[in-house]
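Here's a quick, friendly tour for anyone meeting this structure for the first time. Have a look at it, then read on.

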Amino acid sequence: MNGILDELMSSTAIVRGQRFLSNSFCFDEELNVETTIEDGTKDGWLACAETDCSKAPRDLSRWLSKLSSTPSCFRYFLDGSRRVFKLDDVEFDGKIYPIAAGQIGIGCCRREGRELAKEFFERGLVVVLPNCALKHQREYIRAELLKDINASATLTRHRLTIDKVLLYNLDADLSFEAKAIAAVQNYMLERERLAVMKLIEQRKLRKGAYLIKDGSIEYRADDYHAGDKFNWVLGVAKTFNASRCYVRLDRNRLYVDPMLVARLNRFERTNAYRYPMRVSDREINFCVWYVRLHENRFARNAFDGVLKVEKLMTPSEVKAGVDSERIDLISAHLMRERNPVCYGADRRWADHIYPMFVTEQLAKSNYISDRLFLKLF
Amino acid sequence: MLKPIGKVLALENAPSTIDNFYFWTASDMVLRPFDVVKVEHLRGSTTFGVVEEISHITDSSSFLADYISSDFGDVEVEQNTIRVGMNYVKAKVVRNTADILIPVHSGARVSLASRDEVEEALGLDQIPNPLVCGFLEMYDGDARIKLPVKLNADFLIGPEGAHLNISGISGLAAKTSYAMFLLKAIQDRAVDGDDSIAMVVFNVKGKDLLALDELNNFEDNAQRRDETLAMYERLGLSAKPFRDVKYYYPASDDRIKNTYVDGDHFKHQKKKCKAFEYKFYYELDKENLDLLFADVDDQTQTMESILNYVISGQGAFGRINQWTSLIEKTEAMCEAGGSMSKEISVLSWRKFYRLIKKSVDGNCLFNDGGGYVRLAEQIDKIRSNDVYVIDIARLSSDMQAFVFGNVVRKIIDFQLGDKPEGAPSKIIIFIDELNKFASTDTRQQSPILKHIIDIAERGRSLGIILFGADQFKSSVHSRVTGNCSTFAYGRTNSIELSKRDYRYIPSVYQNMMTRLRQGEYIIQNPIFNSLLSIKFPLPIWRQFK
């Protein structure tokens, strides 16, 4: 192969083991890997998180007419994407472990008027090894290894650098392949978080210039303790686990009632609910609600056409609840994003909002080609 | 380097080739077919391309996706975000500055070209014997450029190439105006240079060409006049109408008027010794009688036999010298037993008689009175820079063919014979509705068709150049169009464009041809690297409405 791995194995003593020169390929992106906290349900949902929980579901058709000639409040759209490749199998101490590599892309678009433009794109390349591949796992050893990798002739020739060497543990809870994918996924989430922080620090987010981040915003990061900073950031997920839709309120307790979400009519939303998460021994709170953009009669299942929306609650919102009118407004603006659709280009079209679809395309279209990427190794 | 407007695309199913490449541009980038673009290429060279097709795409994967994007067909729905879209352009490679022919590479930057670069790209920068054939306009807004287009006269009026075919829909294409614009450019060039050229122009419609040496009054619109005259000067032409023009009108009498010219206009021209009336005299013009039968179906060649009999003066025809006598003698041949020739039946004589009587009898063009000129003799007197306008507009088709054939035959003889001092080395003949005389349906034995083909094939060496105009290029005889070096396409209808003659023209240019406005032409000439879309200014000579 004469790629980075060969150079590493032959010229350094950091990585040990014997290569098998097995097939390289891209892991199925759909491989369902438990990599991070989903839906916050592990910490349990609490009661209503908004000021008015008297109506459920809430029909926002009136808001839609009211907003018909108002500019959208969403200006930035951010999405992370990853591709993970199995490079080879290596043998250590009589056992075989996969070596993987990943490309991640963090795309961010801004909307000016009604047109989308690139705000930024960041690429990340990582190598994933089993932790037993290194004699020592100390950080400086990894830094040395990274230095060696980036000094390799192959990367220099292509003017590329590997950003990080990731390790996966050898616990028996998941397959090694899934662990490798999870390592890349977590790295991508971290880069997403940094990208969100960048927009916040550049003071680009404000009223009328919200950021929509694709998927969850439940990062376990200390940044969240920074009060109102995240006031203009929303996590919008197109897929969610229906078995965790804790939306029926009964004497301050929530029950699983996926049908309430499934039965949402077009332009309706559920109430918003609060759920806490502990980060660095301090509690932070998110509010979550569901909105239906499209009827599901043309869709694949009952939950198609519904988006899950997350927002970090400020301390005052935790006390008094998030203003229901604000949630209505955000929801109505989201409903206005229902068109155009990416029907035909993505089977999740009913759950996609178009700017996010384009942002996803921005991230994916900037990947190094699979062939070139694999050839590096 | 002007600001880049896009980058080259090279896909598996749309690769860059030696001949073509694709590039993307922003949706709001205004380009037009025929615009020139340049691309950075290997070794610091530049490849020039001419825009052929412009397409706009979005990421919508199907019609249905767009329908769904309007809430399943609600026309009132406004979308918060405009779909991502771009234009992609197909360009034809016309030149590389270092003669590097390999295809331009994906991602290469594409930009508009400067005026000098456009000239270089289209091969307009180093044209010997330049002859202006119009001007081109390119780009939009601040980048807009306008430059004269010149072709190498050697490839239009010989010796390298000759003949011009102008085609387009009557009225909308302004074929006559464009032909006259070119003739004006040729006359200006000849007057200022060493060319020895005369022109014979047939006026076939109304009074179109009956005041070529008078300045257009531009319907008293001073601004239009000033702009047009300025444009002529910018193109390097004199802001004056034609010079040395002589007008030849068919003789008329009180009973039959053979021309549309106004009496006063004619008198005015005659007073200045530039208008004449022409006639045909039996004794001198009987050799051309066959031209009257150009369109007569004569599969058994009996008409040809009779014509030989008459022209060679056999039998009673040896002693006649007047048209009236011809009719009398022919009538006599039609009586039972009247035919003195065993080979020609009385029935054939009767047919001949009907035809000759219809054309000649009572036609003042064929009475032998004096005071008129013979066109053949006038051709003998033609000199360099002369423009002869021969009016045939009001004549019947047969008579138009007769006059045209007569003049063409005489010009061939004139160019082949010993020429007097001052005679032009080249004569340009302009005839509108060329397909009347040389169409694909014209009888192969037609003497006029034979002369036209002769001119098309040998005219370059004889010094006879044919400028023909017609509605349908496809209907002109292929041996005529096949020998034309230059084609000018005005507005053309779709049915005509579906003919095989236009197969080599890219479809987008074909579609443009259906939309060309008056004063716009697409030009094809061997020296240009590509078809060119040009414009020409309003006529500078007097127009009759």
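How many salt bridges does the rule find across the interface of chain B and chain A? There are two of them. Keep in mind as you go that this is a predicted model.

## Where the chains meet

One salt bridge to look for joins the side chains of R266(A) and D71(B), at 3.6 Å from N to O. Polar contacts turn up here too: the rule finds 13 residue pairs across the interface of chain B and chain A, with both partners at pLDDT 80 or more. On the side of chain B that touches chain A, the residues split into seven nonpolar, seven polar and four charged.

As for the overall extent, 18 residues of chain B are in contact with 23 residues of chain A. Together the two chains bury about 1,800 Å² between them, and carbon and sulfur atoms give 52% of that area.

## Two cis peptide bonds

In chain A, the peptide bond running from N339(A) to P340(A) is cis, with omega near -5°. You'll find P340(A) in the loop between helix 8 (324-336) and helix 9 (354-365).

Chain B has a cis bond as well, from G158(B) to P159(B), with omega near 5°. P159(B) sits in the loop between strand 8 (145-152) and strand 9 (164-167).

## Positive phi without glycine

The loop between strand 8 and strand 9 of chain B also holds H163(B). This residue isn't a glycine, yet its phi is positive, at about 80°. H163(B) counts as buried, at 2% relative accessibility.

Y139(B) is another non-glycine residue with a positive phi, near 70°.

Conventions: Residues are numbered from 1 along each chain as its sequence is written. Chains are lettered from A and ligands numbered from 1 in the order in which they are written. Side-chain values use heavy atoms; hydrogens and water are left out. Contact means heavy atoms within 4.5 Å. Buried area is the accessible area (1.4 Å probe) that two parts lose on being put together, summed over both. A salt bridge is a side-chain nitrogen of Lys or Arg within 4 Å of a carboxyl oxygen of Asp or Glu. A polar contact is a pair of N or O atoms within 3.5 Å; within protein, one must be able to donate a hydrogen and the other to accept it, and residues adjacent in sequence count only if both atoms are side-chain atoms. Ala, Val, Leu, Ile, Met, Phe, Trp, Tyr, Cys and Pro count as nonpolar, Asp, Glu, Lys and Arg as charged, and the others, Gly among them, as polar. Helices (H or I, at least four residues) and strands (E, at least two) are DSSP runs, numbered from the N terminus. Buried means under 20% relative accessible area, exposed over 50%, partly exposed in between (1.4 Å probe, protein chains only).
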